[in-house]
Amino acid sequence: MKTGDASDSSVATKVIAIDNGGGLLKAGLVDSEHEEGALLYPEIVIPNAVARARRGGKAGKNKVLVGKEIMACPEYTMTRPSHKGIVIDWETQKILWDGVLHGGRRHLPGLLSKGSDLSDVTVIVSQPLFCPVMVTRVGMQVLFEDFGFARAVFVDSPLCLQFSESITSQFGEDEWKNPCGLIVDAGFSGCRAVPVYNTYPLERCAQRMDVGGRVMTNYLKEAIAYNKVDLDDAPLLVEHIRENMCYSAQDFVAEVEASRTCPGETTRRYILPDHSSTSSHLGRVVDPRLGEDVSSKDFIDMNHERMVACEALWQPGSIGILQAGLAEMAARAVMKAPVATRSAVAKKVILGGGLFLIPGVLERFKAELQSNLPVEIASEVKFFAEEDGRYDLSVWRGLHTLGSSEEDLAHLGLFNRDTWLAAAKKASPNGHPTASAGFHKLTRPRAEIARQCAIMSSPFAFLREYFTDLMPDPSTCIGRCNTASDVRESEKFTDIYSYRSFCHKACAADESEVRDMRGCEEFCLKLCFRDNIVEDTNTNVNYVVLERSPGSPENSAKCMEVCTAGCGFRFSKGGKEDNAWR
């Protein structure tokens, strides 16, 4: 049961916004009465990781380090709770959230007093796009059962980013009237570009690139180790080096050649920390041409490595990742949007993520995106980003805006703790709340408790229940494709996908293209009888089956048979008896 009425709003008096990023965790209390137009900053920004020292005896090695405590340790083993932005280690994540909420550490005071009751607190947490449902369920269980929040909700990062007041304040009348847009989030775990319509992402058009801050840091660490210093024991120090020394070249080949010709102009020196009691535990960048005495200090000189690490953003293939670069990925997202909306999508490109803080990245992205788009669309592109240049805070500021309005919270699908626990207890076969049972009952209130108990008794309960709910209605066109004998009995073309895919395509064809059975027959002819492209690629045959003709004459004939069956289902006909018109 999703809440949003007045009775619930009187219970929860505080709202906490947590941007649970893969690299940094940003958290702060939501101030619903803040001055309009004022720039907002989170109270707590720490690495989303914990560490343990490699030295110091048994007691030192067992102590968990959080936040600034990690940087004060010369050698440590660090653990991140997330992979590609998705939380996979909830015990580690709970340690970090507990430190953010209650403090208890010298360098981490916490948002609330230690031991404070959270029964009147609402929390809103960011998560990556396409986050698995089971991860969200476990997250809800942690927030309600382990921390005891009154209300909670997880929100996709692209939805948060476009609500940042610092960005929306730049919109003119045309932007407010335009329901379309493109969200580009370049962060630690990777980069994503997704078109939106009325603030909701068009998930089928979304694009992702696996190169992010984490990949760039690992690449830089290897380059530094190859040249001089091994920093495997200090990954956060390598991140600090990347953030303060690297930049993106506008013309990579020319600038690399210039760095070799005149190394003194581009070389910078990073003086490593000595980890003394008076040290800041972070290094500093100096210009070697200034002649500072470094004879008693450890340092790293970097020349072309400063721009090579960032070039992976534009050419992932240079480090072995066969994906499109950042600008090309964004251009593909625009071109995958419906044809009529592409121009409107390009007119409102919203940028966010920590990678845009790197010097030169924003400028090169703007230039390359326009060069990758058709001329008529590129001329209309408009960019919007944080006015103060803090692109890494866009998601948190969007969370703050959403959390400051009770109406917005209700529209997001806010969950109430008492309702969650009651539904979870009823749906669980042993009478104890579980993540899957609670979330299922709240999102599907029509499901019978007896059926829930029978399903939850299986070790594969979640998968069975999830995929059962995804099955289409048998009375619909796609449902009839799944059940009709002349379609169901067709043998599989690959190990994964069957000919039913082509029956589904006939059901989902655009009405402007398929107005009657004759038009549907022409659609199937175009779909099924093309050149055999299977022989032209050795990478992914399954992609060929889903998106193109099956190729060989025998396969095309079977494709035509099931596709025209789908045409019959679409116009309230179907089956072998009703498809004689073919």
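Helix 9 (residues 213–227) comprises 15 residues and reaches 21 Å from its first C-alpha to its last, close to the 21 Å expected at 1.5 Å a residue. Helices (H or I, at least four residues) and strands (E, at least two) are DSSP runs numbered from the N terminus, and the expected span of a helix is 1.5 Å times one less than its number of residues.

The structure is a predicted model, in which local features need pLDDT of at least 70 and side-chain atom pairs count only at pLDDT 80 or more, while totals for chains, interfaces and linings use all residues. Residues are numbered from 1 along each chain as its sequence is written, and side-chain values use heavy atoms, with hydrogens and water left out.

**Helix 9**

The buried residues of helix 9 are Gly213, Met216, Thr217, Leu220, Lys221, Ala223 and Ile224. Viewed down the axis of helix 9, these buried residues fall within an arc of 165°, so they line one face of the helix. Here buried means under 20% relative accessible area, exposed over 50%, and partly exposed in between (1.4 Å probe, protein chains only); the arc is that of the directions from the helix axis to the C-beta atoms. An α-helix has 3.6 residues a turn, so residues three or four places apart point the same way. The face of helix 9 turned away from its buried side carries the exposed residues Glu222 and Tyr226. On the buried side, the residues of helix 9 pack against helix 10 (235–245), strand 18 (299–302) and helix 13 (305–311), where contact means heavy atoms within 4.5 Å.

**Cysteines**

The structure holds three disulfides, a disulfide being a pair of cysteine sulfur atoms within 2.5 Å. Their sulfur separations are as follows.

| Pair | S–S distance |
|---|---|
| Cys477 and Cys507 | 1.9 Å |
| Cys520 and Cys567 | 1.7 Å |
| Cys524 and Cys563 | 2.0 Å |

The link of Cys477 and Cys507 is left-handed, with -70° about the S-S bond. Cys477 lies in helix 24 (residues 477–483) and Cys507 in helix 26 (residues 500–508), so this pair ties together parts that are 30 residues apart in sequence. Cys477 counts as buried at 16% relative accessibility, and Cys507 is buried with a relative accessible area of 14%.

The link of Cys520 and Cys567 is left-handed, at -80° about the S-S bond. Because Cys520 lies in helix 27 (residues 517–528) and Cys567 in helix 29 (residues 553–570), the pair ties together parts that are 47 residues apart in sequence. Cys520 is buried, with a relative accessible area of 0%, and Cys567 is buried at 0% relative accessibility.

For Cys524 and Cys563, the angle about the S-S bond is -75° and the link is left-handed. This pair links distant parts of the chain, with Cys524 in helix 27 and Cys563 in helix 29, 39 residues apart. Both Cys524 and Cys563 are buried.

Cys246 is in no disulfide, and the nearest cysteine sulfur, that of Cys310, is 4.9 Å away. Cys246 is buried, with a relative accessible area of 3%, whereas Cys262 is partly exposed at 41%.

**Confidence**

The protein chain averages a pLDDT of 79, and 79% of the residues score at least 70; pLDDT is the predictor's confidence in each residue, from 0 to 100. Over residues 1–12 pLDDT stays under 50, and the model has 23 contacts beyond four places in sequence for them. Residues 574–582 also stay under 50 in pLDDT, with 20 contacts beyond four places in sequence.
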